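This briefing is intended to be read alongside the sequence and the three-dimensional structure. Please keep both at hand while working through the points that follow.

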Amino acid sequence: MFVLELTYTAPMERVDALLEEHVAWLDEQYAAGVFLASGRKQPRDGGVILAVAESRAAIEKIAAADPFTVAGVCAYRITEFIATKTAPGLADYREQLQA
């Protein structure tokens, strides 16, 4: 599982101008089963996405296609973690630690 943290690197006017395209990109990733949750950080200086994928490389490729990334208005920090405990609704994403 991955936590994607976006930090805006451009004025909010540039971010807001791309918001519709960014939301369409988010919708594509939800439809593909990659994104589980997303939203704005508070204060609004970026966002957070919870995602699942086969590899970090796959997540990096997806993040690189974000219209925010393409336009250079945000930077991504990607953290991979092993979800050994989850809420019942996320049970399908639980992982086992490897010895």
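**Overall architecture**

Of the 99 residues in the protein chain, 30% are buried. The model described here is predicted. The chain contains 4 helices and 4 strands, and from the N terminus on these elements follow the order β-α-α-β-β-α-α-β.

- Taken along the principal axes, the C-alpha atoms of the protein chain fill a box of roughly 45 × 25 × 25 Å.
- The protein chain has an accessible surface of about 6,200 Å². Carbon and sulfur atoms account for 54% of that surface.
- Among contacts between residues at least 6 apart in sequence, 64% join residues at least 24 apart.

**The largest nonpolar core**

- The largest nonpolar core holds 20 residues. L4, F35, I49, A51, I59 and F68 are the members that touch the most other members.
- Two or more residues of this core come from each of β1, α2, β3, α3 (56–64) and β4 (74–80). Strand β1 gives the most, with 4 residues.
- Leaving out residues up to four places away in sequence, L4 touches G47, V48, I49, A51, I59, A63, Y76, R77 and I78. Two of these partners, I49 and I59, are also named among the core members that touch the most others.

**The largest pocket**

- At least two lining residues are supplied by each of β1 (2–8), α2 (19–31), β2 (35–40) and β3 (46–51).
- Sorted by class, the lining comprises 8 nonpolar, 5 polar and 1 charged residues.

**The loop between β2 and β3**

- P43 lies in the loop between β2 and β3. The peptide bond from Q42 to P43 is cis, with omega near 5 degrees.
- R44 counts as partly exposed because its relative accessibility is 27%, which falls between the 20% and 50% limits.
- Apart from neighbours within four places in sequence, R44 is in contact with Y8, M12, V15, D16 and L19.
- R44 and S55 are 11 residues apart along the chain, and their C-alpha atoms are separated by 29 Å.

- Q29 is placed in helix α2. Why does Q29 count as buried? Its relative accessibility is 11%, and the cut-off for a buried residue is under 20%.
- Not counting residues up to four places away in sequence, Q29 touches V34, F35 and I62. Of these, F35 is one of the core members that touch the most other members.
- A10 sits in the loop between β1 and α1 (12–17). With a relative accessibility of 14%, A10 therefore counts as buried.
- Beyond neighbours within four places in sequence, A10 is in contact with V15 and V73. V15 is a contact of R44 as well.
- A10 and G46 are 36 residues apart in sequence, and the distance between them is 10 Å, C-alpha to C-alpha.

**The segment after β4**

- T86 is found in the segment after β4. Setting aside neighbours within four places in sequence, T86 is in contact with A91 and R94.
- Where does T86 lie relative to V3? The two residues are 83 residues apart in sequence and 14 Å apart in space, C-alpha to C-alpha.

Key. Residues are numbered from 1 along each chain as its sequence is written. This is a predicted model: local features need pLDDT of at least 70, side-chain atom pairs count only at pLDDT 80 or more; totals for chains, interfaces and linings use all residues. Side-chain values use heavy atoms; hydrogens and water are left out. Ala, Val, Leu, Ile, Met, Phe, Trp, Tyr, Cys and Pro count as nonpolar, Asp, Glu, Lys and Arg as charged, and the others, Gly among them, as polar. A nonpolar core is a set of buried Ala, Val, Leu, Ile, Met, Phe, Trp, Tyr and Cys residues joined through side-chain atoms within 4.5 Å. Buried means under 20% relative accessible area, exposed over 50%, partly exposed in between (1.4 Å probe, protein chains only). Contact means heavy atoms within 4.5 Å. Accessible areas come from the Shrake-Rupley method with a 1.4 Å probe; for residues, only the protein chains shown count as cover.
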